[in-house]
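Colleague: Hi, I've never looked at this one before. Could you walk me through it?

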Amino acid sequence: MSSSRSKPVFQSPLAPLMVEFVRERRAIGYRYEKGAAVLMRFDRFLAREAPHDDTLSRSATRKWLAKGPHESGGTQQARLGVVRQFAQFLCRLGHPAYVPDGSLAAKYDRAFPPRVLTHAEVARLLREADGLTPTAYSPHRHLVMPEVFRLLYGCGLRVGEVVKLRVADVDLDRGVLTVRDGKFGKDRLVPPALPLVMRLRSYHAAMGARPDQAIFFPSKHDGPYLTDSIYILFRELLHRSGIPHGGKGKGPRLHDLRHTFAVHALLRWYREGADLNAKLPVLATYMGHRSVEGTQRYLHLTAELFPEVTSRSDAAFGGVIPRRAQS
C-alpha cells in the first residue's frame, strides 16, 4: 500500500526551491509533514511581505521568526529549525540566503519526563475502557476502544499507527500486525502477545466481514479516528480510573502508554533474568526506533523507577546502565 503524503503548494518567489527542499527531505526518509506545513506558513508570509524578493533576506526571516505573544518556546524552536534547514539547503545550492542563528528562539525546557503508569493503573484504565458504551457520535467505541488502548499499551504503538491500521494489516492467523509508513517512513511487523491476538480475533468477528482496505478500527463514518478524539477519551478514562492528570505539559499523555510499555517490558525481562543491554535492539526494532540510542533512555527510566534493576545489573554485567549526568 503506497503512502499518501500531501503535496505542499508554495506561492512565493522561492516556491520552486521549497518544493525541491521538501522532496529532498522525504527522499532521505523523513515524512516531513509537519516541516512542510511550517514551510508553507513561511511561504505565505514571504509571498505577502516580500513578493518580489527571490532571496532569503535577513529582515524578512527574522520578522517571521519573532516569537508570537502566545507561542510556546518549543513551537518557535520548531519554526526556527525548519527555516535554518531550508536556508542551509539554499546555501548548499549556491543561492544567497540568510541562515538564522539558533539563539534567535526563546530558550525552553526540552525535558518532558514520561509519566509511566503502574501495572495497577494500567489495569484500572483498561477496565474502564472495557466498560464504555456506544454513543450516537461513536457507535463502535465499546468494541473499538478497549482494543485500541490495549495496542497502545500492549505493543507500544504510536496512536497514529493504530488508527491507520487496515484489515489487511492485521494478520489474525499468524498473529502479526503490519505497521505501514511509520514515523521514519518504514514498515515493520509487530507480533502482539497471544491473549491480545485472541481479543483482536473476537473484535474482528464482532465487526463482521469487511474489505481488506477498510480501516480496522473505524469511526462513525468508517474512516480512521482522529487522534485528538482518542486523547479526549483517554483523559476521561484517566478521570474514571482515579489517575490524576497534572494539566497541560504534565501528563499523563496518551503517548505515555508507549513509554509505559517500554519500561514494563524491560522490567519483565529483568525479572526473567535477561541481559537488559542485549534486549535493547529487540525493543528498538519492535517499537520502530531508528537506532538503539533512542531506546536506551528507557534503561535510565527503568533504573530510576526501579532501583533494584541497577544494582542487579551492575553486579551481573558491570554497569551496563549508564548514569545520567548530574546537574
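Predicted model: local features only at pLDDT ≥ 70, side-chain atom pairs only at ≥ 80, totals over all residues.

Colleague: OK. How many helices and strands are there?

Modeller: The protein chain has 13 helices and three strands. Both are DSSP runs numbered from the N terminus, with helices being H or I of at least four residues and strands E of at least two.

Colleague: And how much of the chain is buried?

Modeller: Of the 327 residues, 44% are buried. Buried means under 20% relative accessible area, exposed is over 50%, and partly exposed is in between (1.4 Å probe, protein chains only).

Colleague: Let's do the strands. In what order do they sit in the sheet?

Modeller: The order is β1-β2-β3, in an open sheet with antiparallel pairing. The edge strands are β1 (170–171) and β3 (188–190), each pairing on one side only. Two strands count as paired if DSSP finds at least two bridges between them.

Colleague: What holds strands of a sheet together, in general?

Modeller: They pair through backbone hydrogen bonds, either parallel or antiparallel.

Colleague: How many bridges are there between β1 and β2?

Modeller: Two, in the antiparallel sense, and Val170 stands opposite Leu177 in β2. These two strands form a hairpin with four residues between them, and Gly175 in the turn has a positive phi of about 75°.

Colleague: Which way do the side chains of β2 point?

Modeller: Val176 and Thr178 point one way, Leu177 and Val179 the other way, and all are buried. As a general rule, side chains in a regular strand alternate between the two faces of the sheet.

Colleague: New topic: which residues of the largest nonpolar core touch the most other members?

Modeller: Met145, Phe149, Leu151, Phe217 and Ile230, out of 59 residues in that core. Helix α10 (residues 256–271) gives the largest share, nine residues. There's also a second, separate core of 25 residues, which includes Val22, Ala36, Val38 and Leu80. By nonpolar core I mean a set of buried Ala, Val, Leu, Ile, Met, Phe, Trp, Tyr and Cys residues joined through side-chain atoms within 4.5 Å.

Colleague: What does Ile230 contact?

Modeller: Leaving aside neighbours within four places in sequence, Ile230 contacts Met145, Val148, Phe149, Val159, Val163, Tyr225 and Leu254.

Colleague: Phe149 keeps coming up. Is Phe149 buried or exposed?

Modeller: Phe149 is buried, at 0% relative accessibility.

Colleague: How many aromatic pairs are there?

Modeller: Ten. Rings of Phe, Tyr and Trp (its six-membered ring) pair if their centres lie within 6.5 Å; planes under 30 degrees apart count as stacked, over 60 as edge-to-face and the rest as tilted. One of the pairs is Phe149 with Phe234, which is stacked at 6.3 Å centre to centre and 25° between the planes.

Colleague: Why does that pair tie together parts that are apart in sequence?

Modeller: Because Phe149 lies in helix α6 (residues 141–154) and Phe234 in helix α9, the pair links parts 85 residues apart in sequence. Phe234 is buried too, with a relative accessible area of 0%.

Colleague: Which residues form an aromatic cluster?

Modeller: Phe21, Tyr32, Phe86 and Phe89 form one.

Colleague: Last one: where is Ser241?

Modeller: Ser241 lies in helix α9 (residues 227–241) and is buried, at 7% relative accessible area. The side chain of Ser241 reaches the backbone oxygen of Leu237 at 2.7 Å.

Note on methods: Residues numbered from 1 in each chain as written. Heavy atoms only, no water. Polar contact = N/O pair within 3.5 Å; in protein donor to acceptor, adjacent residues only side chain to side chain. Contact = heavy atoms within 4.5 Å.
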